[in-house]
Amino acid sequence: QVQLVESGGRLVQAGGSLRLFCAASGRTFSSYVMGWLRQAPGQEREFVAAVNWGGATTYSTSVKGRFTISRDNAKNTVTLQMNSLKPEDTAIYYCAADRVVITATGNGVDYWGQGTQVTVSS
């Protein structure tokens, strides 16, 4: 089993920056693809970013160039650096872990955390 705990979400003004953290425990951290998903009120959960075993990253079109995902296998942590935030980035952000792939909606993901709220004011 893998346990994931997110932190760092808060209210921030549009154009500002925020850094989210995910701490993992329970299994070998480096064996998993790690990622972030988010869900806004009334909308489906959507993919944000992921980083695989070798450090290769993938981003959704909406956040590419603004967000950066990184992992530290020695510390069992994943970070999402968010810059140039927009009101449409407002959502609950979830940390996820999967043996193979983080899907577009999060369906089938092996593990995910409780989420942390990010609110971007206009």
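N76 lies in the loop between β7 and β8, where strands are DSSP runs of E with at least two residues, and helices runs of H or I with at least four, numbered from the N terminus. This residue has a positive phi of about 55° although it is not a glycine, and N76 is partly exposed, with a relative accessible area of 25%; buried means under 20% relative accessible area, exposed over 50%, and partly exposed in between, with a 1.4 Å probe and protein chains only. A positive phi of about 50° is found at S84, again not a glycine, in the loop between β8 and β9, and S84 counts as partly exposed at 41% relative accessibility.

The model is predicted, with local features needing pLDDT of at least 70 and side-chain atom pairs counting only at pLDDT 80 or more, whereas totals for chains, interfaces and linings use all residues. Residues are numbered from 1 along each chain as its sequence is written, and side-chain values use heavy atoms, leaving out hydrogens and water.

**Charged side chains**

The structure holds three salt bridges, each defined as a side-chain nitrogen of Lys or Arg within 4 Å of a carboxyl oxygen of Asp or Glu.

| Salt bridge | Closest N to O |
|---|---|
| R38 and D89 | 2.9 Å |
| R66 and D89 | 2.8 Å |

Through shared partners, these salt bridges join R38, E46, R66 and D89 into one network. R38 is buried at a relative accessible area of 4%, and D89 counts as buried at 0%, whereas E46 is partly exposed at 32%. R66 is buried as well.

D98, by contrast, is buried yet has no salt bridge, and the nearest side chain of opposite charge, R99, is 8.0 Å away; here Lys and Arg count as positive and Asp and Glu as negative, while His and the chain ends are not counted. D98 lies in strand β9 (residues 91–98), and its side chain reaches the backbone nitrogen of V100 at 2.8 Å. A polar atom of the D98 side chain also lies 3.1 Å from the backbone nitrogen of D110.

**Aromatic pairs and the core**

A search of the whole structure finds two aromatic pairs, a pair being rings of Phe, Tyr and Trp (its six-membered ring) with centres within 6.5 Å; planes under 30 degrees apart count as stacked, over 60 as edge-to-face and the rest as tilted. The rings of Y32 and Y111 have centres 6.0 Å apart and planes at 70°, so this pair is edge-to-face. Y32 sits in the loop between β3 and β4 and Y111 in strand β10 (residues 111–112), 79 residues apart. Both Y32 and Y111 are buried. Y94 and W112 also form an edge-to-face pair, at 5.4 Å centre to centre and 75° between the planes. In this pair Y94 counts as buried at 8% relative accessibility, while W112 counts as partly exposed at 47%.

The largest nonpolar core has 30 residues, and those with the most contacts inside it are L4, M34, W36, L80, M82 and Y93; such a core is a set of buried Ala, Val, Leu, Ile, Met, Phe, Trp, Tyr and Cys residues joined through side-chain atoms within 4.5 Å. Apart from it lies another core, of seven residues, among them V33, F47, A50 and A96.

Conventions
A polar contact is a pair of N or O atoms within 3.5 Å; within protein, one must be able to donate a hydrogen and the other to accept it, and residues adjacent in sequence count only if both atoms are side-chain atoms.
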